[in-house]
Amino acid sequence: MTVRVMLVDDQSMIRAGLRMILESTDDLTVVAEAGDGATAIVQARAARPDVILMDVQMPVLDGIEATRRLCAEDLRARIIVLTTFERDDYLFGALAAGASGFLLKNSPPEDLLRAVRTIASGDSLLDPAVTRRVIERVALGAKFADGTAALYDLSEREREVFFGLARGKSNAQIAGELYLGEATVKTHVSNVLAKLAIKDRVQAVIYAYEQGVIAPGSD
């Protein structure tokens, strides 16, 4: 299947560069563009993209507010916030708004392609440069009840997968470490999230930190 992507950035040269990278592959295609958040909402309703690459600082309506409104409409488009700034308010604002990923604009092209495919497959993604900030600043407002006991409800394999999630690993990386197929890992991830009553991979990292399963700076 071809992944339908929409580009949202107020700089036309940035959009052109992103389009060139994405359309250098056979499985990704750009179906719409917008130069501000308000136009992005209109375009997303019409084009129905699978993935939206969303800039933060834009005129009329910024990317975080546009993300919040698009997620509230449940258009089924998944959003990657793409920015040049490593600012915590952008990071946590984007995640709180419902973004599925956060990637820095200075990431290599191959990371961008991997990010779009990862998000399109249903996973969440954080740039490796900011994953540690997530676990060092538990500031999404998500506080969990004592969930240590819930960890014992996980099977041995599910705990191994959970430890991979806690370290910010992708399904492919976890599969490689555990010598499993990616489909099997994806099933284990779904089971882990359900058993621990957490909604996504980002909160899995926070959960692990709060329960003392992993500490900042640990491997």
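Me: Is Arg-76 buried or exposed in this predicted model?
Reply: Arg-76 belongs to the loop that joins helix H3 (63-73) to strand E4 (78-83). The relative accessible area of Arg-76 is 71%. The class of exposed residues begins over 50%, so Arg-76 is exposed.

Me: How many Å apart in space are Arg-76 and Pro-49, C-alpha to C-alpha?
Reply: In sequence, 27 residues separate Arg-76 from Pro-49. In space, C-alpha to C-alpha, the two are apart by 8.3 Å.

Me: Which backbone oxygen does the side chain of Thr-25 reach?
Reply: Thr-25 is placed in the loop between helix H1 (12-22) and strand E2 (28-34). With a relative accessible area of 16%, Thr-25 falls under the 20% limit and is therefore buried. Its side chain comes to 2.9 Å from a backbone oxygen, that of Leu-22.

Me: With which residues is Thr-25 in contact, leaving aside its neighbours within four places in sequence?
Reply: Neighbours of Thr-25 within four places in sequence are set aside here. The residues then in contact with Thr-25 are Leu-113 and Arg-117.

Me: Why is the pair formed by the rings of Phe-162 and Phe-163 described as tilted, and not as stacked or edge-to-face?
Reply: The count of aromatic pairs comes to 1. In the pair of Phe-162 and Phe-163, the ring centres are 6.2 Å apart and the planes stand at 50 degrees.

Me: What is the relative accessibility of Phe-163, and what is the relative accessible area of Phe-162?
Reply: Phe-163 counts as partly exposed, at 40% relative accessibility. Phe-162, by contrast, is buried, and its relative accessible area is 1%.

Me: How many of the residues of H11 are buried?
Reply: The buried residues of H11 include Arg-201, Gln-203 and Tyr-207. Helix H11 is mostly covered, the buried part being 8 of its 10 residues.

Me: Which helices each supply at least two residues of the lining of the second largest pocket?
Reply: This pocket has a volume of about 240 Å³. Its lining has 12 residues, and those nearest the centre are Leu-95, Gly-98, Ala-99, Lys-199 and Asp-200. By class, 5 are nonpolar, 4 polar and 3 charged. The helices that each supply at least two lining residues are H4 (88-97) and H11 (201-210).

How values were computed. Residues are numbered from 1 along each chain as its sequence is written. This is a predicted model: local features need pLDDT of at least 70, side-chain atom pairs count only at pLDDT 80 or more; totals for chains, interfaces and linings use all residues. Side-chain values use heavy atoms; hydrogens and water are left out. On a 1 Å grid over the protein atoms alone, a cavity is a set of points where a 1.4 Å probe fits but cannot get out, and a pocket is an open set with protein on both sides within 12 Å along at least five of seven lines; lining residues have an atom within 4 Å of a point. Grid points are joined across faces, edges and corners, and a volume is the space filled by probe spheres set on the points. Helices (H or I, at least four residues) and strands (E, at least two) are DSSP runs, numbered from the N terminus. Ala, Val, Leu, Ile, Met, Phe, Trp, Tyr, Cys and Pro count as nonpolar, Asp, Glu, Lys and Arg as charged, and the others, Gly among them, as polar. Buried means under 20% relative accessible area, exposed over 50%, partly exposed in between (1.4 Å probe, protein chains only). A polar contact is a pair of N or O atoms within 3.5 Å; within protein, one must be able to donate a hydrogen and the other to accept it, and residues adjacent in sequence count only if both atoms are side-chain atoms. Contact means heavy atoms within 4.5 Å. Rings of Phe, Tyr and Trp (its six-membered ring) pair if their centres lie within 6.5 Å; planes under 30 degrees apart count as stacked, over 60 as edge-to-face and the rest as tilted.
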